[in-house]
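Here's a quick look at one structure, starting with a single residue and its neighbours. Have the model open as you read.

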Amino acid sequence: MSANACELADHAKPRGPLAELIRTGARQLVHLAVEIELQERLAGLEDRRLEDGRAGVVQGGYLPEREIRTGIGPITVRMPGIRSRTGEPAAFRSGR
């Protein structure tokens, strides 16, 4: 490891208004990416319908917040869940 890498590893997570702005932006980007991924998953299950025509698989709220590591430090994210009303199993696992 180079001297710069050792020095960087010894520093605490970046602080200050710019670092917080970057963390906020990263959190928003991850949220947006996961929501798009969720919509794609639900679209892929659109053929599962109830007898009355309503969607058989819907978004089922959010899992508890969890922390993920990024280059700017940890950020918290909430992962959505889906639920099946048809009795057939359905799951959402983000690749993010």
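Val-77 touches Val-30, Pro-64, Glu-65, Arg-66 and Ile-68, leaving aside residues up to four places away in sequence; contact here means heavy atoms within 4.5 Å. This is a predicted model, where local features need pLDDT of at least 70 and side-chain atom pairs count only at pLDDT 80 or more, while totals for chains, interfaces and linings use all residues. Residues are numbered from 1 along each chain as its sequence is written, and side-chain values use heavy atoms, with hydrogens and water left out.

Val-77 is also one of the 11 residues in the largest nonpolar core, a core being a set of buried Ala, Val, Leu, Ile, Met, Phe, Trp, Tyr and Cys residues joined through side-chain atoms within 4.5 Å. Helix 2 and strand 3 (73-77) each give two or more residues to this core, and helix 2 has the largest share, with four. Helices (H or I, at least four residues) and strands (E, at least two) are DSSP runs, numbered from the N terminus.

Helix 2 covers residues 17-44 and includes Glu-35. Glu-35 is buried yet has no salt bridge. Buried means under 20% relative accessible area, exposed over 50%, partly exposed in between (1.4 Å probe, protein chains only); a salt bridge puts a side-chain nitrogen of Lys or Arg within 4 Å of a carboxyl oxygen of Asp or Glu.

| Glu-35 and | Relation |
|---|---|
| Arg-78 | nearest side chain of opposite charge, 7.4 Å away |
| Tyr-62 | contact |
| Pro-80 | contact |

Leu-18 is in helix 2 as well, and it counts as exposed because its relative accessibility is 59%.

Definitions and conventions. Lys and Arg count as positive and Asp and Glu as negative; His and the chain ends are not counted.
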